[in-house]
Amino acid sequence: MTDGIRGRWRALPAWARWTLVVYAGGFLEGAGSHVLDLVRGGLHAYAAFGPVPLQVFFVALVVLDPLVAVLTLWMRPSGVRAAGVLMTLDVLANWYVNRSWVQEDPAALLRPVGLLPITVFGAFVLATLRPLLHALNGRDPRCATADLPVARPPLIRKDAGRQSGPHGNGAHR
């Protein structure tokens, strides 16, 4: 039993809450970027991006990125794991697709759009993945926990005054 999503958020340390918000923001920004690409170029917006599986992956990110954002905001460990898998695949796919211009002009990596933010965000997700999972699972000594049962007083029934006896049926023996 938990104290709801607000209680679970309060139980997390501040660094874990901020990390989850950064995860969600990064994945929503990525989803927006992929939606914009699809609006501009249609379903075949990634036709020049290499093999068909990569094209399908980039289109699928329109759905996968927001899904990961929602799961992380709900503080689901599965969302954090999915974030790690998705960013690993996304970084590898983007580096594969852009490998030719990276070899021709490595200084272009310093641009604030393209591979640099994807790579930095991917590194951030992978660097924070394990500590964040520990915090969500209550194994981080710096946090109370997000998933342990909350102490609650026993429920008192409205008809408790009429309850007596070992079976609560009003019979005394």
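Biologist: Where does Trp 74 lie?
Modeller: Trp 74 is in the loop between α3 (52-73) and α4 (77-97), where helices (H or I, at least four residues) and strands (E, at least two) are DSSP runs, numbered from the N terminus. Please keep in mind that this is a predicted model, in which local features need pLDDT of at least 70 and side-chain atom pairs count only at pLDDT 80 or more, while totals for chains, interfaces and linings use all residues. Residues are numbered from 1 along each chain as its sequence is written, and side-chain values use heavy atoms, with hydrogens and water left out.

Biologist: Why does Trp 74 count as partly exposed?
Modeller: Trp 74 counts as partly exposed because its relative accessibility is 44%, and the scheme calls a residue buried under 20% relative accessible area, exposed over 50%, and partly exposed in between (1.4 Å probe, protein chains only).

Biologist: Stepping back, how many helices and strands does the protein chain have?
Modeller: The protein chain has six helices and zero strands, and buried residues make up 35% of its 173 residues. Among contacts (heavy atoms within 4.5 Å) with a separation of 6 or more, 68% are between residues 24 or more positions apart.

Biologist: New topic: how many aromatic pairs are there?
Modeller: The count comes to six aromatic pairs, where rings of Phe, Tyr and Trp (its six-membered ring) pair if their centres lie within 6.5 Å, and planes under 30 degrees apart count as stacked, over 60 as edge-to-face and the rest as tilted. Tyr 23 and Phe 124 form an edge-to-face pair, at 6.0 Å centre to centre and with 80 degrees between the planes. Tyr 23 lies in helix α2 (residues 14-41) and Phe 124 in helix α6 (residues 115-136), so this pair ties together parts that are 101 residues apart in sequence.

Biologist: What else does Phe 124 touch, say from Thr 19?
Modeller: Leaving aside neighbours within four places in sequence, Thr 19 is in contact with Phe 124, Thr 128 and Leu 132. Thr 19 lies in helix α2 and counts as buried, at 7% relative accessibility.

Biologist: Which residues form the aromatic cluster?
Modeller: Tyr 46, Phe 49, Phe 57 and Phe 58 form one aromatic cluster. Within that group, Phe 49 is partly exposed, with a relative accessible area of 29%, while Phe 58 is buried at 1%.

Biologist: Last one: where is Leu 109 found?
Modeller: Leu 109 is in the loop between α5 (99-104) and α6. Apart from neighbours within four places in sequence, Leu 109 is in contact with Trp 95, Trp 101, Val 102, Leu 115 and Leu 116.
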